[in-house]
Amino acid sequence: MKKLILTIAAVATVAISAHAQKNAHLNSQTIFKAIPEYQAAIDRIEELTKSYQDIIDKEEEKLDAKHQEFENNQANYSDQQYEQASSELQKYADAIDKYTNDIFGEEGEIYKKRVELIKPIQDKVIKAINDVAKEGGYDFIFDMAGNQSIIYSNASLDVTQKVIDKLGVKK
């Protein structure tokens with residue numbers, strides 16, 4: 001009976017070992033840095049962000065000047081003039097806030113431009129990763145970029161260069 005249990009245990013261990021998962025890892029930051037179109041897209045987004053921020057900064061400077069003028073002249077205002085000037089300042093500030101949100105908010109112009117420029121590149125990278133995974137028979141591919149929870153990984157399991165090659169990126 002003991003031999004039967006040991007035999008069953010040995011067969012089970014071999015069966016489990018035969019079905020062990022095959023894993024690999026990559027560094028997505030390295031992959032994206034290797035793609036010239038990605039850096040061009042990032043540069044374009046940064047350029048656009050700066051131009052919008054310059055517009056907002058100028059409008060905020062105008063608002064500050066209007067607010068200073070309001071502060072300097074408020075003693076001369078009638079109640080009606082005070083209310084009107086205060087209301088105009090608030091409307092101007094609200095307009096700047098709305099513009100800022102329209103540009104930098106969750107569904108703003110910068111977000112839309114990022115999706116337009118970056119998403120196609122991300123889709124290509126994901127396809128290349130999937131292709132490498134299928135070709136290599138990997139069950140999981142972990143991204144090591146910025147990952148603080150994986151302490152060690154065997155360098156022979158790194159498929160970063162395979163993904164870069166699959167993307168056809170030339171050095």
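Helix axes are lines fitted to C-alpha atoms over the stretch in contact, and angles between N-to-C directions run from 0 to 180 degrees. The model is predicted, so local features need pLDDT of at least 70 and side-chain atom pairs pLDDT 80 or more, while totals for chains, interfaces and linings use all residues. Residues are numbered from 1 along each chain as its sequence is written, and side-chain values use heavy atoms, without hydrogens and water.

Helices (H or I, at least four residues) and strands (E, at least two) are DSSP runs numbered from the N terminus. Helix α4, residues 79–104, packs with α3 at an angle of about 170 degrees, the axes lying 11 Å apart. The two helices are therefore roughly antiparallel, the term for angles over 145 degrees. Contact (heavy atoms within 4.5 Å) involves, among others, Y52, I56, L63 and F70 of α3 and L89, A93 and I96 of α4. The residues of this contact comprise 14 nonpolar, five polar and four charged.

In α4, A85, L89, A93, I96 and I103 are buried, that is, under 20% relative accessible area with a 1.4 Å probe, protein chains only. These buried residues pack against α3 and α5.

A nonpolar core is a set of buried Ala, Val, Leu, Ile, Met, Phe, Trp, Tyr and Cys residues joined through side-chain atoms within 4.5 Å. The largest has 24 residues, with I31, I35 and V163 making the most contacts inside it. Its largest share, eight residues, comes from α5. I35 touches I121, V125, L167 and V169, leaving out residues up to four places away in sequence. Another core, of seven residues, lies apart and includes I56, L63, F70 and A93.

How values were computed: Buried means under 20% relative accessible area, exposed over 50%, partly exposed in between (1.4 Å probe, protein chains only). Angles under 35 degrees count as roughly parallel, over 145 as roughly antiparallel, 65 to 115 as roughly perpendicular and the rest as oblique. Ala, Val, Leu, Ile, Met, Phe, Trp, Tyr, Cys and Pro count as nonpolar, Asp, Glu, Lys and Arg as charged, and the others, Gly among them, as polar.
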